[in-house]
Amino acid sequence: MVKHQPLQVYERQLCLSCITGIYGCRWKRYQRSHDDTTKWELLWSLILLLTFCLLLVWFYFWWEAHNDYSEFNWLLYTRSGEWSDGTVPILATTAVGFTYIALLVVLAICHIALGQQLNLHWLHKIGVTIALLTTIIGVISVNQTWAHEWDILPISLQATGPFLHIGALAAATALSWIVAGQVARAERTTLQVVLMLLFFSVLLGLYVAPLYITSPCIMDPESLGPRPDVIGQRGAPMLAPENTLWSFQRALQMNVTGLEADVTISVDGVPFLMRDRTLQRTTDVAKVFPDRQVDEASSFNWTDLQQLNAGRWFLKDDPFWTAPGLSPREKQLIANQSVCSLEQLLKLASYHNSTVVFRLQRPPTDHPCHHSWINDTLQAVQRSGIPQSLVMWTPDEERAVVRQLAPELIQTSLDRRSPRSLLEDGISRLLLRYNQASTQEVRNYTQSSINLTVHTVNEPWLFSLLWCGGGVSSVSSEAPHVLNKVPSPVWIMRPDEYCLMWVTADLVSFAAVLGIFIFQKYRTSGMRSYNPEQIMLSAAVGRSSRDVNVMKEKLIFSEVGNGTDATEEMYADDSFNYYNSRNINQ
């Protein structure tokens with residue numbers, strides 16, 4: 001009679017199998033290892049971490065750049081001549097890539113927490129490489145075509161910084177469980193010291209980070225200034241076709257105090273509203289004048305322009321994904337819109353006592369009005385009957401002559417200049433992009449009695465920052481219907497309240513981290529890791545991988561008796577006692 005008993009039996013570990021299987025395709029127990037991770041795999045772990053950090057910044061950039069999606073699509077249109085929402089594929093690929101890389105990072109952390117050897121599967125390595133290279137190419141492309149948009153990162157951090165700090169603190173506190181476990185299990189004192197120094201250096205940096213976080217919304221609510229006025233940029237282009245009468249009427253319904261438009265001059269000297277160089281995107285010129293669809297808009301006379309429809313494209317292309325929500329009446333009004341003249345806009349603004357600002361495009365050199373463009377535009381202003389004090393005049397050319405002929409026009413500059421230079425030229429208003437003026441410059445303009453209008457402000461958080469910062473008299477927006485629903489800043493916090501929140505979060509985090517380290521030290525004190533698989537296979541160093549796999553299989557599987565099946569996976573611990581107590585006849 002011969003007694004047989006299994007060398008070792010194990011419980012099923014479905015969760016561990018999924019973690020190691022998804023990460024490194026190690027679904028079976030004999031494929032897993034508690035050995036130290038190789039230097040090659042450590043390198044790939046660093047590449048994975050780098051890719052995650054880069055994708056995190058890239059994802060955050062596009063999340064906050066939502067304010068300027070229209071500007072990005074416009075840049076693509078001016079380069080390609082085809083209008084499309086280029087943000088959709090970027091957002092889709094960014095979301096998929098970030099989710100994928102974040103999953104791998106979580107799995108890698110789980111490997112470390114469970115003491116498993118890191119071994120990223122080669123398919124994942126290809127995926128990480130593709131994600132890294134794609135993100136780098138995207139960053140380079142944005143840097144070449146839309147470089148000024150990077151300013152959205154420091155600006156948005158003024159709104160999100162205090163809350164991102166709390167989130168980062170919570171994440172670091174949670175990670176302390178894994179770090180403390182690694183320190184407690186480490187056999188070398190040097191490794192323990194290095195791990196603790198690295199972790200507590202990062203933690204200390206997070207604790208003092210609020211010293212470098214500044215936000216205009218951290219202020220005394222009693223010192224909050226008046227709400228900036230809102231100017232409808234090209235009307236309400238998210239609700240109606242841009243630069244049409246219905247678009248401006250919709251903006252006025254959203255309680256705007258001013259209207260902004262782009263003005264081009266026709267071949268017969270009529271200023272009309274058009275942003276594009278051609279009429280292809282916003283009219284049906286391809287249908288009415290198929291042989292002239294690529295001609296410049298200024299080459300058409302006013303009679304030809306009045307034959308074009310300027311609304312149907314909005315319903316067809318739906319540039320802002322808002323057309324399905326329009327009522328049948330609104331769709332009918334939009335479908336009947338035509339090209340709007342500057343004089344029509346000024347009469348509408350005069351009736352509603354609204355300010356008007358327009359950007360005037362000078363005709364080409366071979367245009368009949370190339371030299372008379374200023375005079376033609378000024379005559380249109382005078383014919384409309386609008387009070388001159390409601391018109392913001394932006395062209396720098398012949399400004400002195402215009403001031404003599406129409407002294408009550410609001411002289412406005414589109415260029416960033418010093419307050420002294422502006423006052424010398426008689427300019428009392430400045431129109432800049434939101435990233436072109438620092439807080440100190442805004443104060444200087446305010447002290448010099450120069451009203452500042454910033455564009456383009458579509459998001460409530462950006463509007464709130466400008467409101468809390470003070471000094472901005474008005475904002476130009478493509479989304480007046482959104483800003484109309486912002487009666488107060490999105491958030492505002494007293495400095496003492498923020499200080500209390502910051503100190504409390506730091507103390508709670510430090511207490512939790514300290515408790516975790518003590519608990520992990522107590523939990524592992526006196527314990528020595530015992531891994532039969534490591535012991536049995538330690539002698540296999542230097543052997544072929546086939547021999548090692550055979551030894552692993554022999555370790556786990558044993559023949560119980562004649563006619564009995566080999567143990568294929570893992571059994572419960574109480575099964576061992578059952579087999580140990582049986583005598584099996586050979």
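Begin by selecting Arg420 and Glu424, which both lie in helix 16 (residues 419–424) and are 4 residues apart, about one turn of the helix. Helices here are DSSP runs of H or I with at least four residues, strands are runs of E with at least two, and both are numbered from the N terminus. The two side chains form a salt bridge whose closest N and O atoms are 3.5 Å apart, the term standing for a side-chain nitrogen of Lys or Arg within 4 Å of a carboxyl oxygen of Asp or Glu. Arg420 is exposed, and Glu424 is exposed as well, where exposed means over 50% relative accessible area, buried means under 20%, and partly exposed covers what is in between, with a 1.4 Å probe and protein chains only.

Before moving on, keep in mind that this is a predicted model, in which local features need pLDDT of at least 70 and side-chain atom pairs count only at pLDDT 80 or more, while totals for chains, interfaces and linings use all residues. Residues are numbered from 1 along each chain as its sequence is written, and side-chain values use heavy atoms, with hydrogens and water left out.

Next, select Glu149 and Arg433, which form a salt bridge with the closest N and O atoms 2.8 Å apart. This pair links distant parts of the chain, since Glu149 sits in the loop between helix 5 (122–145) and helix 6 (152–185) and Arg433 in strand 7 (residues 429–433), 284 residues apart. Are these two residues buried or exposed? Both Glu149 and Arg433 are buried.

Now turn to Asp284 and Arg312, whose side chains meet in a salt bridge at 3.9 Å, N to O. Asp284 lies in the loop between strand 3 (271–273) and helix 9 (285–288), and Arg312 lies in helix 11 (residues 312–317), so the pair ties together parts that are 28 residues apart in sequence. Asp284 is buried, with a relative accessible area of 17%, whereas Arg312 is partly exposed, with a relative accessible area of 47%.

For the next selection, take Arg234, Glu242, Asp262, Asp276, Arg281 and Glu478 together, as they are linked in a network of salt bridges.

Finally, show the whole protein, whose secondary structure comes to 23 helices and 9 strands, and which holds 23 salt bridges. Of its 586 residues, 47% count as buried. Among contacts (heavy atoms within 4.5 Å) between residues at least 6 apart in sequence, 66% join residues at least 24 apart.
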